[in-house]
Amino acid sequence: MPKDAALTVTDLVVRFGGVTALAGVSFTVPRGKVCGLIGPNGAGKTTLFDCVSRLTRPKSGRIDLAGRDLLALPAHRVAALGVARTFQHLGLVPSLSVRDNVMLGAQGAGIGFLPAALRLPGVRSRERQLRERADAVLDRLALAGIAARPAAGLPYGTLKRIELARALAADPDLLMLDEPASGLSHEEVDELAGVIEDVRADMTVLLVEHHMGMVMRLSDTVVVLDFGRVVATGTPAQVSEDPAVLAAYLGTPA
């Protein structure tokens, strides 16, 4: 694996029954870069995300994060290694405040809620760490003004930013964003892209997104999947002119 690689996926194969979701997928994301992962619906993008975050076990292949084989580790260890993820569908707890939702994400940074729940020694110190970490992220994402409000009833675009804040509270080395622009207006997409641009210098980002404007704006490299295979890899400019990409998206001959 290259010394500067944050994430390397090698010959990843996933099958669900008789369906091959990923067929020997390989690519590398250099440390501190943004990799856009694109392709038509059913191309295998979310399956790949699920493999990296250990929600799905591949049939074969390898996933390395900074030289550590993720597939050789228990699933619960992945977050502790610095992997955080958002989902297509929001996973916020509506009844909790914005701050408390973000505090949940700090568990990935090694600060847990369990001692607080059990009133174990050091609870006040841990709770203070959780709050300070959450408040710092909320301030960075211009959400400090609604920290005490419940998540229920907030605009969808704001909820997307809270979801991102929760992932960032884990202080990740690898941030995986699964369609963060889904359901947002053009103005909200532009705003969210600006937020991601602001935080990207601190981590490596793997981005699954159908909004091509956002992908081309943020990505250093783009990997294109179609029917579970990598059909193109390159800079945004290179990929946008690749005949295989045009075939995958538009049905034109490659």
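**Leucine 177**

I began with the contacts of leucine 177. Leaving out residues up to four places away in sequence, leucine 177 touches Phe49, Thr86, Leu164, Ile196, Val205, Leu206, Leu207 and Val208. I note that the model is predicted. Next I looked up where the residue sits: leucine 177 lies in strand S7, residues 174-178. Is leucine 177 buried or exposed? I get a relative accessible area of 1%, and the cut-off for buried is under 20%, so leucine 177 is buried. Leucine 177 and glycine 36 are separated by 141 residues in sequence, yet their C-alpha atoms lie 9.6 Å apart in space.

**The cavity**

Rolling a probe the size of a water molecule over the atoms shows where empty space is left. How many cavities of 30 Å³ or more are there? I count 1 cavity. The volume of the largest cavity is about 70 Å³.

I listed the lining. Thr86, Phe87, Leu90, Lys160, Glu163, Leu164, Leu177, Pro180, Leu192 and Ile196 line the largest cavity. Leucine 177 is one of these lining residues. I sorted the lining by class and found 7 nonpolar, 1 polar and 2 charged residues.

Which helices each supply at least two residues of this lining? I find helix H5 (156-168) and helix H6 (186-199). H5 gives the most, with 3 residues.

**H2 against H5**

I followed H5 to a packing partner. Two packed helices are described by the angle between their axes and the distance between the axes. For helix H2 (residues 98-105) and H5, I read an angle of about 35° and axes 6 Å apart. The crossing of H2 past H5 is right-handed. On the H2 side, Val98, Asn101, Val102, Leu104 and Gly105 make the contact. On the H5 side, Ile162, Ala165 and Arg166 make the contact. By class, I get 5 nonpolar, 2 polar and 1 charged residues for this contact.

**H1**

Phe49 is among the buried residues of H1. How many residues of helix H1 (residues 45-52) are buried? I find 7 of its 8 residues buried, and H1 is mostly covered. The buried set is Lys45, Thr47, Leu48, Phe49, Asp50, Cys51 and Val52. I logged one backbone angle too: just after H1, arginine 54 takes a positive phi of about 70°.

Key. Residues are numbered from 1 along each chain as its sequence is written. This is a predicted model: local features need pLDDT of at least 70, side-chain atom pairs count only at pLDDT 80 or more; totals for chains, interfaces and linings use all residues. Side-chain values use heavy atoms; hydrogens and water are left out. On a 1 Å grid over the protein atoms alone, a cavity is a set of points where a 1.4 Å probe fits but cannot get out, and a pocket is an open set with protein on both sides within 12 Å along at least five of seven lines; lining residues have an atom within 4 Å of a point. Grid points are joined across faces, edges and corners, and a volume is the space filled by probe spheres set on the points. Helices (H or I, at least four residues) and strands (E, at least two) are DSSP runs, numbered from the N terminus. Ala, Val, Leu, Ile, Met, Phe, Trp, Tyr, Cys and Pro count as nonpolar, Asp, Glu, Lys and Arg as charged, and the others, Gly among them, as polar. Axes are lines fitted to C-alpha atoms, for helices over the stretch in contact, and angles run from 0 to 180 degrees between N-to-C directions. A crossing is left-handed if the near helix is turned anticlockwise from the far one by less than a right angle, and right-handed if clockwise. Contact means heavy atoms within 4.5 Å. Buried means under 20% relative accessible area, exposed over 50%, partly exposed in between (1.4 Å probe, protein chains only).
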